[in-house]
Amino acid sequence: MAVPPRDRPTDRTRKAGATRPLAVGGAPNAPRARRPRRRAIDGGVLRSGVLAASLWLAATLASAAEPAWPVRAPDLPAPDPRITWGRLENGLRFAIVPNATPPGGASLRLAVAVGSLDEGDDERGLAHLVEHMAFRGSARIPPGALAPLLEREGLAFGADTNARVDFATTVFMVDLPRATPSALDTALFVLAETAGALAFPEAELEAERGVVLAEARLRSGPRQRAFERSLAFRLAGTLVPERLPIGDPEVIRGAPRERLVAFYRRWYRPDRMILAIAGEVDPIDIGARIAARFAALPRPAEPAPEHARRPPAPRGLATTVALEKGLPASLVVSFSRPDVPRADSRARRAEELAELVVEHAFERRLQRIASRPDAPFASASMGTASWPGIAEETILRASIEPARWRDAVAALERELRRLRLYGVLAPERDEALAVRRAALEERLRSAATRGSRALAEALVGAARAGRVLLAPEAELALFDELVPTVDEEALRAAVARLFAGSGPMIELVLPEASGGDEARLSRAVEAAWRESETIAVDPPEPVARVALAYAPAEEPAPIRARTRLEALDVTSATFANGLRLDVKPTRFEAGSVRALIRFGRGRLGLPLDRPGLDGLAEALLAGGGLGRHDAQELARLFAAERVRLGFSIREDACELALETRPEKLATAFALARALLEDPGLRAEALPAWRRRLEAAYRRLETVASAVLEGPVARLVNGGDPRFGLPDRAAAEARTPEEVRAWLRAELAAEPLEVAIVGDVDPERAIDAVARTLALLPAPAGGDPPVPPPAEIPRGSFELAHDGPAEQALLLLYHQTTDARDPRLSLGLDLLAELLDERLRALLRERLGATYAPSVSSSGSLSVPGRGRIAIQLDLPAARVRELRSLLVELVDRLRAEGPSAEELERVLAPRRARIPRILASNGFWLEGVLAGRHRHPQKLERALRLEADLASWTREGLAELARIYLAPERRLEILVLPRVQG
């Protein structure tokens with residue numbers, strides 16, 4: 001990734017309060033509709049179909065002698081008719097789809113058919129480095145000029161402009177908040193410069209080498225080592241393990257500029273490029289603009305060379321064991337076979353549908369095993385991977401207890417053999433097909449409001465995979481036609497395909513040796529598999545059908561009061577039990593309704609003497625089912641339904657997040673009531689919870705960034721035991737009975753608040769709540785919560801980590817204030833963005849010392865005075881003290897001088913441009929405005945004054961904020977250094 005977005009999640013344990021989905025239709029391990037296998041476009045052209053390009057740009061479009069675009073298949077429907085397809089004389093292909101979500105915007109993707117598999121031995125990492133250098137200047141964009149150019153058009157550098165590279169493709173992304181003619185011209189100009197005019201200035205190249213190495217440094221650790229080792233084992237004999245997109249550090253450091261330029265010129269050619277655009281655009285107009293910008297790109301006379309795609313070496317049963325202190329125990333069983341490129345066709349789609357049914361059914365079986373009290377693994381899944389022109393893989397993964405790895409090996413072997421011997425049962429087939437049909441129906445329902453980003457990515461993905469891009473209605477009709485072909489014979493053939501070729505290849509990861517070294521353990525794994533093969537297996541047992549035991553009540557609860565907020569189109573109701581409901585109908589997401597149910601006191605209500613209760617509560621409420629249904633029954637009941645519940649603990653309330661279709665709203669609220677009134681809290685969720693704990697503590701021992709959720713979180717919050725990872729023994733001592741008692745106390749503490757936003761009729765929503773949550777007992781009240789400290793500690797601290805010796809973190813916190821004043825809170829956000837801009841320019845762009853500098857502002861709505869600006873930097877350990885001085889100097893300079901008028905405008909312009917997108921978002925209205933607004937009425941002000949508050953901030957006002965809140969006496973500095981350096 002060339003430019004990390006500001007909200008990029010870092011490699012750390014899950015933040016406290018993140019939503020965990022309840023195990024219903026949207027359960028974390030629920031069988032998924034597998035994405036179509038993707039294949040790169042070899043040779044830069046697609047060789048199937050018939051010519052379908054629009055010919056209204058006759059002077060610049062290709063002739064009929066060119067290979068066909070778009071992809072077609074004689075026995076499949078025609079491509080989506082909403083899309084305009086074109087090709088320039090130089091071979092560049094483009095696709096344009098008009099789309100109005102978000103309103104006024106557009107998303108552009110330039111995909112180049114080059115990735116790390118196209119590198120030579122002395123070029124490993126150059127595809128990645130070229131992708132980074134696209135942001136460092138071109139023939140007509142001087143170094144340092146790209147960010148201001150884009151920000152003047154309202155684009156946030158990193159959030160709206162980015163890039164990625166993988167093994168086969170490089171994609172450059174631009175998302176325009178406002179698709180004005182000027183913005184579109186700028187975006188196309190930048191992409192055209194990327195396509196053919198990158199300059200690779202020597203000074204910029206030296207700095208960007210450091211950024212790429214910083215990215216590699218940030219990734220290094222147990223997970224990366226395990227990933228690389230797994231590829232080397234599973235795909236032995238191929239180029240994949242030798243061509244990781246991150247690259248070879250020695251090549252990144254030492255490859256001369258001339259080699260990088262040669263790589264760029266060899267592979268960046270218009271006949272290997274696809275430009276996809278979705279948004280509020282006119283295809284005729286955009287086609288002309290594309291031609292004006294891209295037609296001049298020269299097409300080389302000779303095609304780019306193609307590197308050989310060696311298939312994996314054939315193998316039978318093979319085993320390997322890795323001892324990784326920083327990872328919990330796991331087991332992987334995989335099968336691989338050569339990837340044979342096939343044109344899209346009806347037969348191919350039928351085979352893929354049968355394979356999807358097998359995957360769904362088998363993963364369900366693994367989940368049922370994992371839910372048993374004596375399960376040999378905590379969770380298990382099945383998936384597939386495709387390596388274009390090299391291999392296709394089927395992969396089984398299981399989370400295991402280290403001492404029970406033999407049981408886990410035997411369980412996977414027996415269940416796999418059971419599938420091969422007896423196939424898929426008819427009820428399993430029916431469920432899988434119902435799930436797939438529901439997904440296609442959902443896609444059809446939501447087509448009118450599907451986001452432009454998703455559409456642009458779909459265009460690129462279909463082209464990469466060589467697939468016909470069908471309209472949603474055609475996709476659903478084709479599915480219905482193919483369902484009769486998914487019979488017993490087709491399913492047995494699918495099982496045979498999925499588990500054909502090399503394998504089983506078995507990988508065991510253990511945190512420490514148990515019974516010998518890696519070689520001896522590897523032989524023991526093979527023996528365990530062979531021994532299991534000698535034990536007969538019975539046919540699979542049919543799973544009994546169950547009916548949902550919870551439903552809305554016949555009689556609704558009485559409504560005590562009703563009001564209307566006309567300015568916001570919000571209907572409100574208060575019920576006899578104190579529940580307060582707000583409903584805002586929108587058309588931003590067709591066929592979708594979202595709700596947040598808030599109750600209790602959240603993190604502030606956690607008992608100080610029961611550390612770890614929050615994590616166990618989230619795990620049990622997500623995976624412990626309901627009183628009358630375990631998690632597996634719920635998953636079956638809602639396999640084909642869009643009913644999703646998630647539970648989380650926020651600062652001042654507990655939250656149930658709900659998402660469903662309008663017609664399922666009452667059922668969804670009946671489930672929400674059941675979760676509060678009759679939670680299962682079953683022990684079956686405990687193994688997964690213990691595994692998450694184990695993973696968190698192992699990361700803490702071996703990954704630098706893990707300290708952010710460990711000692712740093714505790715330190716920043718003044719030692720409050722409700723923040724950060726608790727003591728492991730204390731956390732493991734928590735019990736389901738404690739969770740049940742705490743949940744009762746939370747429900748009794750405060751009246752429920754319910755916010756509903758989406759494609760919903762307010763009267764229907766009010767009725768759904770009246771027959772469910774409004775019938776819960778009125779809260780009796782509880783003791784006031786103990787607030788955490790409002791102020792952060794001051795001074796400097798050093799912490800040690802046991803991760804890679806080259807990793808260090810520098811953290812700088814400044815005490816600010818709470819978020820009760822929306823305008824002041826916005827000003828602090830802007831101040832954080834100004835710091836982020838300066839940090840990026842100095843430490844990333846100029847010095848190449850960091851990959852993902854992060855600055856954020858946060859404030860509490862519940863604790864007066866509680867707020868902070870946080871700076872987080874990943875730095876090379878050898879330079880961290882030198883760079884620390886530069887950081888402090890940078891912060892002090894902003895405090896002394898304030899922002900310049902130019903840099904303030906660069907921060908304000910993207911904010912202004914995003915306001916229409918924000919206001920057209922269900923998430924903003926639900927989470928940012930309505931949820932919790934009865935406790936925090938200022939949230940309504942935020943919605944009404946969004947534009948006015950932004951316009952009110954001037955250079956002088958932000959300079960005053962910097963003077964106050966960036967003062968050294970408000971500062972906490974934490975240096976996280978490797979325990980052993982060198």
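**Reading salt bridges, a sheet and helix packing**

Lys-664 and Glu-641 form a salt bridge in which the closest N and O atoms are 3.6 Å apart. The model is predicted.

Me: Is Lys-664 buried, partly exposed or exposed? And where does Glu-641 fall, buried or exposed or partly exposed?

Reply: Lys-664 has 22% relative accessibility and counts as partly exposed. Glu-641 is partly exposed too, with a relative accessible area of 25%.

Me: How many salt bridges does a search of the whole structure find?

Reply: The search finds 94. Another one joins Arg-771 and Asp-767, with the closest N and O atoms 2.9 Å apart. Arg-771 is partly exposed at 21% relative accessible area, and Asp-767 is partly exposed at 32% relative accessibility.

Me: What about Arg-840 and Glu-845: are they buried or exposed?

Reply: Both Arg-840 and Glu-845 are buried. Their side chains meet in a salt bridge at 3.9 Å, N to O. These two residues also belong to one network, joined by salt bridges that share partners, whose members are Arg-136, Glu-151, Glu-204, Glu-208, Glu-837, Arg-840, Arg-844, Glu-845 and Arg-906.

Me: Let's turn to the sheet. In what order do the five strands of the open sheet come?

Reply: The order is β20-β24-β21-β23-β22, with mixed pairing. At the edges are β20 (795–801) and β22 (854–859), each of which pairs on one side only. From one strand to the next, the twist averages 15 degrees.

Me: In which sense do β20 and β24 pair, parallel or antiparallel?

Reply: β20 and β24 (residues 971–978) pair in the parallel sense, over seven bridges.

Me: Which strands does helix α4 lie across?

Reply: Helix α4 (residues 202–219) lies across β21 (807–815) and β23 (867–876), and runs at about 105 degrees to β23. Helix α24 (residues 822–846) also packs on the sheet, where it touches β22 and β23; its direction makes about 170 degrees with that of β22.

Me: Now for helices against helices. At what angle do α9 and α11 pack?

Reply: In general, two packed helices are described by the angle between their axes and the distance between the axes. For α9 (residues 346–370) and α11 (residues 426–445), the angle is about 110 degrees and the axes are 9 Å apart. That makes α9 roughly perpendicular to α11. The crossing of α9 past α11 is right-handed. Residues that meet here include Leu-353, Leu-356 and Val-357 in α9, and Ala-432, Leu-433 and Val-435 in α11.

Me: How do α16 and α22 pack, and at what angle?

Reply: Helix α16 (residues 613–623) and helix α22 (residues 736–749) pack at about 90 degrees, with axes 10 Å apart. These two helices, α16 and α22, are therefore roughly perpendicular to each other. To locate the contact, select Leu-613, Leu-616, Ala-617, Leu-620 and Leu-621 in α16, which meet Pro-736, Glu-738, Val-739, Trp-742 and Leu-743 in α22.

Notes. Residues are numbered from 1 along each chain as its sequence is written. This is a predicted model: local features need pLDDT of at least 70, side-chain atom pairs count only at pLDDT 80 or more; totals for chains, interfaces and linings use all residues. Side-chain values use heavy atoms; hydrogens and water are left out. A salt bridge is a side-chain nitrogen of Lys or Arg within 4 Å of a carboxyl oxygen of Asp or Glu. Buried means under 20% relative accessible area, exposed over 50%, partly exposed in between (1.4 Å probe, protein chains only). Two strands pair if DSSP finds at least two bridges between them. Helices (H or I, at least four residues) and strands (E, at least two) are DSSP runs, numbered from the N terminus. Axes are lines fitted to C-alpha atoms, for helices over the stretch in contact, and angles run from 0 to 180 degrees between N-to-C directions. Contact means heavy atoms within 4.5 Å. Angles under 35 degrees count as roughly parallel, over 145 as roughly antiparallel, 65 to 115 as roughly perpendicular and the rest as oblique. A crossing is left-handed if the near helix is turned anticlockwise from the far one by less than a right angle, and right-handed if clockwise.
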